[in-house]
Amino acid sequence: MSRDLSPLLLAATCVAAALLALVPGAQAQGDQAPAASASADEPAPPPAPRAPYNAPMPGGSATPRKLLPPGASFPDPGPSKVIYPPQQIPLRFSHKKHSDKDGLGLKCTECHGAAATSVAASDRLLPSPKVCDGCHGTEHEDLLAVKAGDPGFGSCEVCHAGYQPDHGNNVARVAMPTARMRSNHKIHADRNIQCESCHGAVQEIDLATREQLPRMKGCFGCHAMSGPGKGKAQNDCNVCHEPLPDGRMVSAYPDGKLLPPRWMGNLEHTADYIERHKRVAADNTKACGSCHNENFCTDCHDGRVRPRSIHPNDYLSLHPVEARLDNPRCTSCHQEQQFCQPCHTRAGITMTGSPGNLRNQGRFHPPRAIWSEMPRTRQHHAWEAMRNLNACVACHTERDCTVCHATQAAGGRGFNPHPPDFASRCKSAASKNPRPCLVCHEGANPRDLCR
Amino acid sequence: MRTPPPRQKPPCLKTFASLTLLAMVALTPSSARAIDTEVTATTAAQGYALRSPFGDPILMRRRVMQTLGLGVYHLLDDEKPTGPQISVKLRLRLDADIGIESSETTFVRGDTRSRYVPGLIEAPVDLMYGYVEGRNLAGGWLGFRLGRQYQSNSLGWWGFDGGLVRIQSPYVQVEAYGGFEQRGGLPLSLGRYERNGVWRGDRQGLVDSPDAFAMFLEAGRAPAMGFALESATPYWLHARLDYRRVYNTGAVAASYLPGAQGALRTYNETRTSSERLGYAMDATFGDHGAGKGGVVYDLYNQFFSAYYANLDGFVTQRLTVGADFDYFRPTFDGDSIFNWFTQTPITTLTGRGSWQATDRLDLAVNAGVRWWSTDDDPDAPSTLAPDAAGRVGDQGTLVDPKASNTARLTDVLGSAYGRYRWSTGRATLRGVFEVGERGRREGVDVGGERYFHGGKYGASLRGSVFDWRDDLRPDRSATSVGYVVGGMWKPGPMADVLLEWEHNMNRLVGQRFRVLALVNVVVNR
C-alpha cells in the first residue's frame, strides 16, 4: 500500500514552524536584546555591602526546618506565590536579638500590637517605625523628615539595608502585597493560639520573610482534625480562601492559579491529571467542587464542543480504532444509543435504519465467512462481543442480535449467547426485570425458563 | 408520493425564550439586599462534514449550541461564606444541527427514500441542571438540593430530577436522594445519564406505526433512589459508599420477531433498570505516598463490574511514581438483553511517573498492559461446537459448559504528557500508543497558546500526527496529519471569543475541515 505523504510532511513542517514561533524563548530573545545593550552602556552599580540581619539566617543560609512554620517541607520551596505575592523587605532586623530572653526579651505583641485584634488579611501588621524610636533614639513621626539617632545604633543604615549617607531621607520602600486569603488573627489570639503555632520560630531568626508565613498543611493541623476535637476550626476552603458568590473559592488570579498540593489527597494536577481525576471524583467531589462548578465538568462529560485535551485532531477518523481497542473509556462521557447511534444510523453504518440510509451501505466488519459463520476463529464477532460488547452496542440494536440469538420458538436461530455461569444468576435477574428474557424467549412467565 | 406532515417547531424553544427573559429580569437591580446574581451564556457554532466509510452519504454538520445559565446566591442574606446559604442555579441548552434534513426527522410510512432516524431532533433544548440548594443549614449540619442535579461518585456521572438531603456530622456525611433519572425523550431531557444498551426516546412521530422501529423503545419515567455515606475527616483518609437503584416503567416492546404467537409483545411492569453499590477511598501517607481504591458491585447482574487500585510513592518533592490496576466489565440497562450475553472483563495494569521538573515544566508518563481473557478459545472449539442442526445450544442449553479453553488477548499501551506554562501562555504535548492483536495506534499531539496585550488577544496552534492499524479491517488503517489554528479575543472582563480552523488529512477521507466559533459571556451583579 503506497501513500503519498508529501503533503502531510509539508503540513507537519508548517505546524512545527508555527509552534516554534509560539514558544516564549524565541520571543524572549528579542525582548531582552535592548535591555542587554543598555546595561552594557551603563556602569554596573557597586555591590551592596553585605550587612547582617538582612536574611532569616546569618550568612543567608537556609532556615532550619524546625524554625519554619508548621507544615513546611524540607527543602522548603516557600509558601504559595499566588497566596503571598513576592515581597520586598529592604530592612536589616533580627527578631532573635529583640526577643531573646538574654537580650531585649520583647514579646511579639510589643511591636506587632495590631496583630491580636486584626480580622482581615489587608490589615497592616508591620510595626510602625515609631515603635523603634523608643530604643534607637530615632524620630519617625514625620516620615518626610526622619531624624537619625545616635551614630551607629540609631543611624539609618542600621535598619535600612542599602542606605547611603547621601540618600538623605530616602530609604528603599518596603512592599508587602496583601495576602489573597481571609485571615483573622483575632480569632486565633482569642483562643490563645500562639504566633509560633502558625508562623514558626520567628524569635529564633533574624529577618522574617515570606518563609515564615503560614503553610496550608500547617493550617490543616487544626482545621482538618477528626471529630469534635477540632473545635470551631472549620475545614471549609472558604474559611481561609477568598470566596466566590456561588460558594467556590477564588482559584484564578492574574498572576497565577491556586492548584492543590500533592499531600492533600494526591490531588496534585499533574500533566496526566486528565487520566487520574476520575479516582478523585469517585469519593471526594467536594474537593473538586471547591474550585470547579458543574459547567467545568459538563464541558467534557456532556459537552457539545470536542475537548481537544481528550480527543485530538481528526478524531472523527481516529475514534473507531480507539473504541475498538479500549472501549471502557468512551462510556464515561457518552451514552452510546444517544450519542453514537444517531450519527452511525445517519451515515448508513448500522444494520438498522431507513431505506435511504441503508442504500449506500457497505460491509463494515470482516467478511461474513469470518465474522459470522462457523467455525469460529479469533476474528469471529462472538469473540469481539465478549471482549468489547460496548463497541457493538454503539451501532447495533437488540433486534440485530435477536435475529440469530433468540430462540427458534421466538423466531430466531437459537444461538445461545449466555455465559456458562448464567444459570446461577438467571432467576434473580428475571425476578427483577423479565423484559430482556421475553425478547428472546417465548413464554408467559420468564421465570419458568430458569433452571 | 406522500407529502410529509409539516414540521413542528420544538415546543422547548418557548421555554428557552421564557427563561432568557427571566434571566434578564434577574439582572435588573432591585433592592439593596446582598443577593449575588450571575448570568452566563455560551454560544458555539461548528461546521464540518462527516463522510460515511462507504463514501455516501456525507453529513453536513452545522451545529449551533446556545446555553443560558442563571445563578442567584446568598438568598439568606448571610455574608459569611461558611454560614447558611440558599442559592438557585440553572442552565439551559439549545443544541441544534441545522444540517439535519427534514426527511431525517419525519417518518413517512412506505417511503423507500426515507432517511428517518428515530429520536433525531433538529434543535433539542434541555435543562442541564436547575435546582435550589441549601448549605450549612441548622448550624452546618444540614444541606439539600431540590430540582435537576448531577451526581458524581464511584457509580459515575449521573443526573436526576428530585431531592437530596445531606446531613453532615463531625465524622461522617450521610446523603439520601430520590426522584427520576434524566431520560432522553422526556421534556427538557437528554439521554446522557441513562445506562447503555437500550435505544430509547420519544416515539411520538411513530405513534401511527407501532411496529416501525420497534427496537426504539418509548421512554418512560424512571424512579430512582439512593444513599451515600462519606467520611468527613481527616483529610488524609477519605471514603465514600454509594447505593443507587433505578426503575424502568411504562410499556415497551418485548419482542422484535413474530414468534409462535405471531405478534410482537409488549411488557408493562415496573422493573429494575440498575441497582449498584459502589465504594471508593483514598489515603495519603504524609510525604511518603498515597493510595486509592474502589469497587462497584452490580446487584442486578450479580457481579463486580469494576474495581481499581492505585498506589503512588512520593519519591522526591517533584517526582512521583506509582502503579494502577483497573478491572472493567460492562453492564447495561436492566431492559437490555446485552447484560446476558457472554462477556469477560478487560483488566489494565500500568505504571506511572510524574515529574515537576520546574515550576513551569512538568512531565508524566505511563505504560503497561491491558489484557482480556476468556474461557472460550475459538482456536480450540470443543466448548461450543455446533450440534447436528448447526446450532450452538438452544433454549439456554450449553453444549459443554464444563469444558474450558482459556485464551487471552494482551495489549501494550502507554502515554506521555508534557506541559510548559509561562505567564502569557502554555505549550502541551501528548503522545499515546497502543499495540495488540486487534490493531495499534500511536501518535503525538502538540499544542500551544499565547496571549498578548495583557490577555486581550491570544493565538493557538495545535498539530498532530497519528497512525493506526485496525487488524479486523486493515483497509481502514491510515496515517493522519492535522493542525488547528485559533485566535482569541477578550473584549472585556465579561466576554471572550474564540475562532478555530481545523484541517486534517488522511487517505480515508482526504482533506477534512472544521470551523468553530465560541463566545462566552458572564455577567455578575
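Setting aside residues up to four places away in sequence, Val439(A) touches Glu398(A), Thr402(A) and Ala406(A) in chain A, and Ala254(B), Ser255(B) and Ile337(B) in chain B. The model is predicted. Its scores are ipTM 0.88 and pTM 0.87.

Val439(A) belongs to the largest nonpolar core, which holds 43 residues. Together with Leu217(B), Ala253(B), Ala254(B), Ile337(B) and Phe338(B), Val439(A) touches the most other members of that core. Several elements each supply at least two core residues. From chain A these are helix H17 (381–387), helix H18 (389–393), helix H20 (422–432) and helix H21 (435–440). Strand S12 (252–253) of chain B is also among them. H21(A) gives the largest share, four residues. A second, separate core contains 29 residues, including Leu70(B), Leu127(B), Tyr129(B) and Tyr150(B). In soluble globular proteins, nonpolar side chains tend to be buried together.

The contact between the chains involves 134 residues of chain A and 168 residues of chain B. On the side of chain A that touches chain B, helix H1 (residues 6–22) of chain A contributes the most, with nine residues. That side of chain A comprises 60 nonpolar, 47 polar and 27 charged residues.

The two chains were next examined for their secondary structure. Chain A has 21 helices and two strands. Chain B has two helices and 26 strands. Of the 451 residues in chain A, 30% are buried. In chain B, 39% of the 525 residues are buried. Contacts in chain A with a separation of 6 or more join residues 24 or more positions apart in 56% of cases. For chain B, 51% of the contacts between residues at least 6 apart join residues at least 24 apart.

Chain A is divided into domain 1 (58–216) and domain 2 (315–419). The C-alpha centres of these two domains of chain A lie 71 Å apart. Helix H10 (residues 273–281) of chain A has buried residues at Arg276(A), Arg279(A), Val280(A) and Ala281(A). An α-helix has 3.6 residues a turn, so residues three or four places apart point the same way. The buried residues of H10(A) pack against elements of both chains. Helix H11 (285–289) is the partner in chain A. Strand S5 (142–153), strand S15 (289–298) and strand S16 (303–314) are the partners in chain B.

In chain B, strand S22 (residues 439–452) pairs with strands S21 and S23. Strand S21 (residues 425–436) of chain B runs antiparallel to S22(B), and twelve bridges join the two. Leu429(B) stands opposite Val446(B) in this pairing. A hairpin of two residues links S21(B) to S22(B). On S22(B), pairing with strand S23 (residues 457–470) of chain B is also antiparallel, over 14 bridges. Gly439(B) has Asp470(B) in S23(B) as its bridge partner. Four residues lie between S22(B) and S23(B) in their hairpin. In that turn, His453(B) has a positive phi of about 50°.

Glu442(B) lies within S22(B). Glu442(B) and Trp468(B) are 26 residues apart in sequence, yet their C-alpha atoms are 6.4 Å apart.

Chain A has an average pLDDT of 84, with 86% of its residues scoring at least 70. Chain B has a mean pLDDT of 88, and 87% of its residues reach 70 or more.

Key
Residues numbered from 1 in each chain as written. Chains lettered and ligands numbered in written order. Predicted model: local features only at pLDDT ≥ 70, side-chain atom pairs only at ≥ 80, totals over all residues. Core = buried A, V, L, I, M, F, W, Y, C linked by C-beta atoms within 7 Å. Buried ≥ 20, exposed ≤ 12 C-beta atoms within 10 Å, placed from the backbone. Contact = placed C-beta atoms within 7 Å. Domains from an automatic or database assignment. pLDDT = per-residue confidence, 0-100. Nonpolar A, V, L, I, M, F, W, Y, C, P; charged D, E, K, R; others polar. Pairing = 2+ DSSP bridges.
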